[in-house]
Amino acid sequence: MLRPVIVGIDGSPEALAAAGWAAREAQRHDVALRLVHAWTRSPHPSARPSTTSQHHWARRILREAHDYLGDLYPYLPVEEYGVEGLAPSVLLEASADGALLVIGSRSLGGSTGYLAGSVALHLTTRSPTPVVLVRAGEQAEDAHQLNAESSSATNTPYRDIVLGVDLAHPSDETFAFAFESARSRGAPLRILHGYRPLPVTTTGTGTAVASEVPAEYEMAFDALVRPWREKYPETVTTATARPGRAQSLLLHAASEAGLLVLGRCNRLRPGPYTGPVIQAAMHHARCPIAVVPHA
């Protein structure tokens, strides 16, 4: 990762949470952080004090975010970009120059999930680079395991990274992102695949017995994961295929995770499309979500 981490800033608490997450990611990879704020000319200038132009207002939002991050990460190079235009278009264009785009999303309340708005949906379905969705209130300690007193801390090991895999549409991009995320944190990686349960057969005694997963199915899953395990031997990796709905399995696994990584296949359907797994994660996951586009 040599290109900067891009984060959308709009002055909201959720954007600051996203900026904090993006700053930590940039610091881990020793790259710059780029703050991007989109502003538009208001048809009613009186909505704000006449002495404050919208351009100045945009600079103020960027400066406040820069100062906030500067106190926490004083050695991190931070760039500021204020661009006139609509946020979805500005951030989409900015993402092409970055290694990663990070945006904030409001929580549903407590830690139950997100409210994925139009900007988040627009970017996750169109961005050429991975998009990470960060909920409001996300702090550095949330990526770590609880300490012996069951309290949040930053001096404990990182929580697991969870990777959801679709065997019908696997991608090197998604695997690379998940393994690199785990490696840079020294975190374990859990690879999950949910599949439709096989038919149940009945024995001569009337006992229902679930059919076993075909050996070739297990071999295909192992063959998919093995090269990545060999490439990242230092990363503790578990790979599990389970019967059930993928979204339910992944949401359960992600409830205690530090990051959920999902792939978005660009060729499945023309136009903006996420699929049921990403949709469920965007609305209900408790941890940050990374959506990685691939062919």
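This is a predicted model: local features need pLDDT of at least 70, side-chain atom pairs count only at pLDDT 80 or more; totals for chains, interfaces and linings use all residues.
User: Which residues lie nearest the centre of the largest pocket?
Analyst: The largest pocket has a volume of about 600 Å³, and 30 residues line it. Elements that each give two or more residues to this lining include β7 (161-164), α5 (172-185) and β12 (259-265). Nearest the centre of the pocket lie G164, V165, D166, G263 and V277.

User: How many residues of the lining of the largest pocket are charged?
Analyst: The lining divides by residue class into 17 nonpolar and 11 polar residues. The remaining class of the lining, the charged residues, numbers 2.

User: What is the arrangement of the aromatic pair formed by F179 and W228, stacked or edge-to-face?
Analyst: The structure holds 3 aromatic pairs, and in the one formed by F179 and W228 the centres are 6.0 Å apart with 20 degrees between the planes. Because planes under 30 degrees apart count as stacked, the pair of F179 and W228 is stacked.

User: Which helices does the pair of F179 and W228 tie together?
Analyst: F179 is buried, with a relative accessible area of 0%, and W228 is likewise buried, at 10%. The two residues also belong to one aromatic cluster with F175 and Y232. The pair ties together parts that are 49 residues apart in sequence, because its members lie in helices α5 and α6 (residues 215-231).

User: How many disulfides does a search of the whole structure find?
Analyst: C265 counts as buried at 9% relative accessibility, and C287 counts as buried at 3%. A disulfide requires a pair of cysteine sulfur atoms within 2.5 Å, and the number found in the whole structure is 0.

Conventions. Residues are numbered from 1 along each chain as its sequence is written. Side-chain values use heavy atoms; hydrogens and water are left out. On a 1 Å grid over the protein atoms alone, a cavity is a set of points where a 1.4 Å probe fits but cannot get out, and a pocket is an open set with protein on both sides within 12 Å along at least five of seven lines; lining residues have an atom within 4 Å of a point. Grid points are joined across faces, edges and corners, and a volume is the space filled by probe spheres set on the points. Helices (H or I, at least four residues) and strands (E, at least two) are DSSP runs, numbered from the N terminus. Ala, Val, Leu, Ile, Met, Phe, Trp, Tyr, Cys and Pro count as nonpolar, Asp, Glu, Lys and Arg as charged, and the others, Gly among them, as polar. Buried means under 20% relative accessible area, exposed over 50%, partly exposed in between (1.4 Å probe, protein chains only). Rings of Phe, Tyr and Trp (its six-membered ring) pair if their centres lie within 6.5 Å; planes under 30 degrees apart count as stacked, over 60 as edge-to-face and the rest as tilted.
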